[in-house]
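Hi everyone, thanks for coming. Let me put the structure up on the screen, and then we'll walk through a few parts of it together.

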Amino acid sequence: MTKIIDSKEWKALESHFKSIKNIQMREMFNQDEERFNNLHLKLDDLLVDFSKNRITQETIHLLTDLAKKVDLESWRKKQFSGEKINNTEDRAVLHTALRSQTNDPVYVDGIDVKPEIKKTLKQIEEFSNAINSGSWKGFSGKSIDTIVNIGIGGSDLGPAMVCKALKPYANQKLNIHFVSNVDSADLSIALSTCNPETTLFIVASKTFTTQETMTNAFSARHWLVNKYNNEECIKKHFVAVSTNLEKVEEFGIDQENMFVFWDWVGGRYSLWSSIGLSIAIYLGFDNFKALQEGAYEMDEHFLNAPLEKNIPVILALVGIWYINFFKFNTQAILPYDQGLSLLPSYLQQADMESNGKFIDRDGKRVCVETGPVIWGASGTNGQHAFYQLIHQGTQFIPSDFIMPIKSHYDLGEKKNLHHKILISNLLAQTQSLMMGKSIDEARSELLNSGLNDQEIEKLLPHKSFEGNRPSNTILFDELNPKTLGKLIALYEHKIFTQGIVWHINSFDQWGVEYGKQIARLVLPKIQGEKTTNCFDSSTNNLINHIKNKC
């Protein structure tokens, strides 16, 4: 296969890059009154403005040529049809089938998976309704008022992010905790607020062998059994999301309280599956379905919209433009909504675990830079933490600014002042990052402040800003289940698109597995009494130092 960097499409982008790399965005806006109109896209109430990027319409044209060169349209069909595009694990990639709103069959190994999906959704619906109605009783006959989801990675980050984001839609009589860290503090803090008579534990682990999850699960099990002094209580206070029936029953969980999912659902894409049980309980099943419906609408847009009008594709290609041509290898996710404060962490896993690869689909070293470093925080908190670097640092950091136009929260102040201040900050940040402040503008500002010439010359270099720093702005009417579903699916498809262009498998995570493998070798040495000498000198000495202190 010809390397992408040797293609005429890549060469055309390299030539184009040289011609526009020094152009200032403020000049682009001055010269083109239609720039915003030409460089934004909408899907229902979702508006994505990518005009504040170091691109032209020609850039978009050349980037979509690149997407056609790698046959992105064919890859989209392969994914949605159930073809095993996860080639290293010989698996299909069908989180999209979980939220499909049609009865069209989807086949894996010749078997239509839709009936099993519907069956599991029905089980989730019935169970979540039983918890919310109070008809499900704990061991002592009391209704459940607290949910503790025990998982890690995709079994934690997705549900935790969604439940926090959509708290206004939650059953206000329910409390929910997400426990992921094997650090005993995580579980201990959650349990300190729980009543064993009214707490339900959801243990989310595909294999039911994940070390962190099962360590926490067995500790929670011990806590519960110790309170009741009867192991039968497990059946009324524990449910499992897993594929391993034997391990689930061995734990003490009733088979009827096991919710299955499939090997064609990757962990970081699994909130649409039974992993979303905590979402369905906390928000109610109707809201869980609305979340899926929103994602389905984005799926349809991604699958059918022309590449140059396709929101996930355009964001993916603009990201490639920065990573592979400008060499901007980091991206900030900046939600201006406190409910979305976990979104940067969620997308960090989704993106970096998917595209953090140096080996391509053919087992060869990649020829281009791949996955960016994803990070961020909610605005306006981030403004008082790391925006200094975004504005004046030596690194250029493309940023996604995300917010709802309307807030669910009203403190009773005049005309919802809090939210208007929030909106003004977002718009000010994107504008100032793009425009910057020239030396002449800074001098004029300092002159108007009454400073003398000496003071002005001293401050002038510090008060000027290069600008020309790129950002996308993503706005929507309000943060509701349907819109959040669209937003999550948007980023899923963006990640997929970039993986196809880079010719990597976005759906395995061997680096994660390698870390677990080594941890299993280290643990017995920490627990043993003998001095350790089987690793490198650093690891040996660290283990022995820790053992001497324990």
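Before we start on the inside, one term: a nonpolar core here is a set of buried Ala, Val, Leu, Ile, Met, Phe, Trp, Tyr and Cys residues joined through side-chain atoms within 4.5 Å. And please keep in mind that what you see is a predicted model.

So, how many residues does the largest nonpolar core have? The count is 116, and the residues with the most contacts inside this core are Val162, Leu200, Trp264, Trp321 and Leu484. Helix α15, residues 311–326, gives the largest share of that core, with 12 residues. As background, nonpolar side chains tend to be buried together in soluble globular proteins.

Let's zoom in on Val162. Setting aside neighbours within four places in sequence, Val162 touches Leu271, Ile279, Leu283, Leu291, Leu484 and Ile488. There is also another core, apart from the largest one, with 25 residues, including Phe201, Phe208, Ala240 and Ile253.

Phe201 brings us to strand β7. Why is β7, residues 199–204, described as largely enclosed by the rest of the structure? Because six of its six residues are buried. On one side you have Thr199, Phe201 and Val203, and on the other Leu200, Ile202 and Ala204, so to speak a strand with both faces covered.

Now its partners. Strand β5, residues 146–150, pairs with β7 in the parallel sense over five bridges, and in that pairing Asn149 stands opposite Ile202 of β7. Strand β8, residues 238–241, also runs parallel to β7, joined by four bridges; there, Ala204 stands opposite Val241 of β8.

Next, a helix pair. The axes of α7, residues 114–133, and α14, residues 285–304, come within 9 Å and cross at roughly 145°. From α7, the contact uses Leu121, Ile124, Glu125, Ser128 and Asn129, and from α14 it uses Phe285, Phe288, Lys289 and Gln292. What kinds of residues are these? Four are nonpolar, three polar and two charged.

Last stop: Asp45, in the loop between β1 (40–43) and β2 (46–49). Where does its side chain reach? To the backbone nitrogen of Asp477, at 3.0 Å. Leaving aside neighbours within four places in sequence, Asp45 is in contact with Leu475, Phe476, Asp477, Glu478, Thr483 and Lys486.

That's the tour. Happy to take questions!

Notes:
Residues numbered from 1 in each chain as written. Predicted model: local features only at pLDDT ≥ 70, side-chain atom pairs only at ≥ 80, totals over all residues. Heavy atoms only, no water. Axes fitted to C-alpha atoms, helices over the stretch in contact; angles between N-to-C directions. Helix = DSSP H or I, 4+ residues; strand = E, 2+ residues; numbered from the N terminus. Contact = heavy atoms within 4.5 Å. Nonpolar A, V, L, I, M, F, W, Y, C, P; charged D, E, K, R; others polar. Buried < 20%, exposed > 50% of the residue type's maximum accessible area, 1.4 Å probe, protein only. Polar contact = N/O pair within 3.5 Å; in protein donor to acceptor, adjacent residues only side chain to side chain. Pairing = 2+ DSSP bridges.
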